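Dear colleague,

Please find the structure below, handed over for your use.

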Amino acid sequence: MKNYFKFLVLLLFISCNNDKKDTAGLVEVSQETLGNHIEQLASDEFLGRKPFTEGEVKTVNYLKDEFEKLGLLPGNGDSFFQDVPLVEITGTPSKNMIITGDNTSINLEPLKDFVVTTNKPVENVSLENSELVFAGYGVVAPEYDWNDYEGIDWKGKTAVVLINDPGFKSGDSTLFKGNEMTYYGRWTYKYEEAARQGADGLIIIHDTEPASYGWNVVESGWSGARLTIESDLPLLNVESWISGESAQKMFSVSTMKGQDYKNLARNKDFKPVPLGLNVSVSISNSIKKDVSKNVVAMIPGTDRKDEVIIYSGHWDHFGVGKAIDGDSIYNGAVDNASGTAGLLAIAEAFKKSSPTKRSIAFIAVTAEEQGLLGSAFYAENPIFNPKKTVANINIDALDSPGKMKDLTITGYGQSEMDEYAKEAATKQGRYIIPDPEAEKGYFFRSDHFNFAKIGIPALYASGAYEGFDISIEDIKKYNDNYRMVKYHQPSDEYNPETTELSGIQLDLQLFFNVGTKLANEDYFPKWYDGSEFKAARD
């Protein structure tokens, strides 16, 4: 009888311990920890977590304190912070953007019809009767034998361009990458290229489908204070978007009246077209230079401390801004309290696990919403040797209505991180797929991109296509609703009673499992041949 009771106690011990393991036999990432941190970070107390505000102070100190409580060490020497010097430019635009031509004048209203910003840290910038020239997609791509700026002296002129790249909806998979957006399709590239060409300004024509977001996102994201890194690179006087309706008005009184400007821009022989119009707009700037912070914590390895796996996620959002339905705090629960809380939950799981041979670093970066600035600064000033950085696992905007059968990999086909993800997914009874919305350019829209640019193989993935108990159609409706109703809006809030965390937890568990494998082997994942990032690693 005594032995029988010993046997029962042993079974109970095994059962209790198994409750703390996932299906791969690893420590389980805590869903409770995840929820608690999301609730805190997305609360009104944190004021939308915008850099250079009291919300930043609360956020970075909260993260530092929580990493310390878990027993992690400072990741930047003896500090949990990496200073990121930024310039905050609060621009007040003129009452109108005025487009003039022969016997015509169009007055566009701020926010309703256009947004306008600058990265030049000067008190006043303007376009004064700057000649408008349609430059197609604003792309210079030698590998595709493509140059939308050719044949024009751009000094004193303003380029007008389309969002995305020529391959989008072309029906030609060999034109750029077909529907999959290249970096040439991103708004950041378009402003950079126009500045390199010597233009005074650039106007991007908004179109919801190729942009992958509505005008409301442009309105909220390109108004108010903007952050930038001081740089010696060429800068435009004015960076602008105009609505599709405003673009139609402009073309209707231009030299291109009646022409299909979208189809013309997709032609390989396209050359820039002067529109016979001029634009005038000005911005008065209030300038503040300050230092934001990346938060960096680490768990040293036992054998190869200098070899590091980096988990990243941005802590920032849009702060307090334009009120919508009476709410002006942009809480950013999904984007990206979810990923920031995920860093803490994964760190907790590693501290409960056996020590790993390689080091594990956690970097909560700043100013992602302003153009991936915190990770860009880190890439230019890396704390850990990029050649010794094994991989980056980036966590951004996790959201699902339940456990997901798929793992959608953004940037699938770039590196052997796909294989690590596939192995971990299979053990969870899941499958991997490439991003089915590659035309939206998500690979260039989060911080893993800056790690990839310096040669570090990156995994950016989440369950987003099919649930174990939820159909593909219902998941699509769920995702579409988030983009239309919550993305970059005050409504992106956390409700512990209605928010489902099981799918997020499953993704975080996979990221933890992948990191554990990487941290206990001596192999470095490689970029595949043909990846544009392979050269940086080699």
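I begin with helix α3, in which Tyr-62, Leu-63, Glu-66, Phe-67 and Leu-70 meet Thr-340, Leu-343, Leu-344, Ala-347, Glu-348 and Lys-351 of helix α9; contact means heavy atoms within 4.5 Å. By class, this contact of α3 with α9 has 7 nonpolar, 1 polar and 3 charged residues. Ala, Val, Leu, Ile, Met, Phe, Trp, Tyr, Cys and Pro count as nonpolar, Asp, Glu, Lys and Arg as charged, and the others, Gly among them, as polar.

Please note that this is a predicted model, in which local features need pLDDT of at least 70 and side-chain atom pairs count only at pLDDT 80 or more, while totals for chains, interfaces and linings use all residues. Residues are numbered from 1 along each chain as its sequence is written, and side-chain values use heavy atoms, with hydrogens and water left out.

Helix packing

The axes of α3 (residues 54-70) and α9 come within 10 Å and cross at roughly 10 degrees, which makes α3 roughly parallel to α9. Axes are lines fitted to C-alpha atoms, for helices over the stretch in contact, and angles run from 0 to 180 degrees between N-to-C directions. Angles under 35 degrees count as roughly parallel, over 145 as roughly antiparallel, 65 to 115 as roughly perpendicular and the rest as oblique. Helices (H or I, at least four residues) and strands (E, at least two) are DSSP runs, numbered from the N terminus. The crossing of α3 and α9 is right-handed; the term applies if the near helix is turned clockwise from the far one by less than a right angle, and left-handed if anticlockwise.

Helix α9 (residues 333-352) also packs with helix α2 (residues 31-41), at an angle of about 140 degrees and with the axes 8 Å apart. That makes α2 oblique to α9, and the crossing is right-handed. From α2, Thr-33, Leu-34, His-37, Ile-38 and Leu-41 take part, and their partners in α9 include Ala-337, Ala-341, Leu-344 and Glu-348. This contact has 8 nonpolar, 5 polar and 1 charged residues.

Helices α11 (residues 417-427) and α14 (residues 502-519) pack at about 120 degrees, with their axes 9 Å apart. That makes α11 oblique to α14. Here Met-417, Tyr-420, Ala-421, Glu-423, Ala-424 and Ala-425 of α11 meet Leu-510, Val-514, Lys-517 and Leu-518 of α14. The classes are 8 nonpolar, no polar and 2 charged residues.

Cavity and pocket

On a 1 Å grid over the protein atoms alone, a cavity is a set of points where a 1.4 Å probe fits but cannot get out, and a pocket is an open set with protein on both sides within 12 Å along at least five of seven lines; lining residues have an atom within 4 Å of a point. Grid points are joined across faces, edges and corners, and a volume is the space filled by probe spheres set on the points.

There is 1 cavity of 30 Å³ or more, and the largest cavity holds about 50 Å³. Its lining includes Gln-414, Asp-418, Phe-443 and Trp-527, and strand β21 (residues 458-462) gives the most to it, with 3 residues.

The second largest pocket has a volume of about 500 Å³. Of its 27 lining residues, Lys-177, Gln-414, Phe-443, Phe-444 and Glu-532 lie nearest its centre. The lining divides into 16 nonpolar, 5 polar and 6 charged residues.

With kind regards
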